[in-house]
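Please consult the sequence and the model shown below while reading.

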Amino acid sequence: MVSVLDQFTKKKEYLICVDSDGCAMDTMNIKHVKCFGPCMVEEWQLQEWQDVILARWNDINLYTVTRGINRFLGLKIALEEIDAAYMSIEGLDDLKEWVDHTPELSNKALEKAIEKTGSTVLKKALHWSKCVNERIQKLDDSEKLPFEGVKEALAYAHSLADIAIVSSANLQAVLDEWRLYGLLEHTDVVLAQDAGTKEYCIHELLKKGYEKENVMMTGDAPGDYQAAESNGVLYYPILVRHEMESWNEFRETAVGRFLDGSYRGTYQKEKIAAFLDNLNPSK
């Protein structure tokens with residue numbers, strides 16, 4: 001297993017890319033429920049409405065079509081709604097301006113914007129983001145588990161295809177979590193936040209010699225689907241709240257269809273339709 005794209009070489013004719021947080025690892029829910037949402041409530045003193053606000057935060061980031069969006073995009077959406085319904089958010093326009101126009105949504109980029117503007121709301125956003133990171137670091141390993149069926153599914157798939165972790169999470173966190181639960185042995189390369197976007201990583205992996213119809217991305221969020229679609233590769237969704245069933249079907253049906261060429265077409269269309277429907281709260 002390697003964690004540098006240049007060091008990875010193709011071994012099999014087929015490649016399966018797998019996302020980490022919220023897909024293989026049951027870490028996405030706990031991070032939003034225990035870290036992101038509560039830190040926002042504390043930073044902006046929203047305790048009076050915290051139950052409804054935290055529920056809405058989880059909808060935005062976990063259970064609807066915006067699942068998996070960047071933390072600052074999620075913050076912008078949440079604070080806009082809070083400003084309209086509960087209390088005025090001082091300097092909200094500064095945050096919206098930065099989120100809408102910055103070339104990079106990160107703590108580092110936010111620090112540079114603060115140096116230029118001195119904006120209070122941007123300072124609060126940075127403090128919130130750092131508090132989130134600190135709280136995530138304090139989560140116990142027992143709260144960061146793989147979904148049921150993942151290890152068996154990956155072991156089976158790895159006997160037939162190369163396996164690449166393609167994640168936007170921190171590299172060390174991915175390595176630690178996957179190694180802890182014996183998942184790393186079923187992978188060939190780990191591409192995380194430092195390697196570039198998921199779209200870029202899949203594009204670079206294709207250069208290793210795989211045919212597009214022999215590459216499949218496995219993910220849980222619309223961003224994973226878009227990364228696969230933009231590269232013309234297959235997509236297998238892990239459905240939120242139905243992760244165990246999704247992984248069982250991955251092992252029992254999807255991998256076989258992927259290998260025999262019957263995945264693309266009706267089966268993939270049905271899987272993607274179910275994926276999008278599952279993230280549509282109006283249905």
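The points that follow are grouped by topic.

The structure is a predicted model. Its largest pocket holds about 1,700 Å³ of space, and helices H1 and H6 are among the elements that contribute two or more residues to the lining.

**Largest pocket**

- The lining of the largest pocket comprises 47 residues, of which Gly68, Asn70, Ser168, Ala169 and Gln193 are the closest to the pocket centre.
- Two or more lining residues come from each of helix H1 (28–43), helix H3 (71–85), helix H5 (107–117), helix H6 (120–137), helix H8 (171–180), helix H9 (198–206) and helix H10 (222–231).
- By class, the lining of this pocket consists of 18 polar, 15 charged and 14 nonpolar residues.

**Packing of H1 against H6**

- Two packed helices are described by the angle between their axes and the distance between the axes.
- For H1 and H6, the axes come within 9 Å and cross at roughly 145°; the crossing is right-handed.
- On the H1 side, the contact involves Lys31, Lys34, Cys35, Phe36, Pro38, Cys39, Met40, Glu42 and Glu43.
- On the H6 side, the residues met are Lys124, His127, Trp128, Cys131, Val132, Arg135 and Ile136.
- The contact of H1 with H6 has 9 nonpolar, 6 charged and 1 polar residues.

- The buried residues in H10 are Pro222, Asp224, Tyr225, Ala227, Ala228 and Asn231.
- The cover over these buried residues includes H9, strand S6 (215–219), strand S7 (234–237) and helix H12 (266–278).
- Gly232 follows H10 and has a positive phi, near 70°.

**Loop residues**

- Ser119 is located in the loop between H5 and H6. Ser119 counts as buried because its relative accessibility is 7%, under the 20% cut-off.
- Ser119 and Lys207 are separated by 88 residues in sequence and by 44 Å in space, C-alpha to C-alpha.
- Gln45, in the loop between H1 and helix H2 (50–63), is not a glycine but has a positive phi of about 55°. With a relative accessible area of 54%, Gln45 is exposed, the cut-off being over 50%.
- Arg241, in the loop between S7 and helix H11 (243–260), is likewise not a glycine and has a positive phi of about 75°. Arg241 counts as exposed because its relative accessibility is 55%.

Technical notes: Residues numbered from 1 in each chain as written. Predicted model: local features only at pLDDT ≥ 70, side-chain atom pairs only at ≥ 80, totals over all residues. Heavy atoms only, no water. 1 Å grid on protein atoms, 1.4 Å probe; cavity = no way out; pocket = protein on both sides within 12 Å on 5 of 7 lines; lining within 4 Å. Points joined across faces, edges and corners; volume = space filled by probe spheres on them. Helix = DSSP H or I, 4+ residues; strand = E, 2+ residues; numbered from the N terminus. Nonpolar A, V, L, I, M, F, W, Y, C, P; charged D, E, K, R; others polar. Buried < 20%, exposed > 50% of the residue type's maximum accessible area, 1.4 Å probe, protein only. Contact = heavy atoms within 4.5 Å. Axes fitted to C-alpha atoms, helices over the stretch in contact; angles between N-to-C directions. Left-handed = near helix turned anticlockwise from the far one by under 90°.
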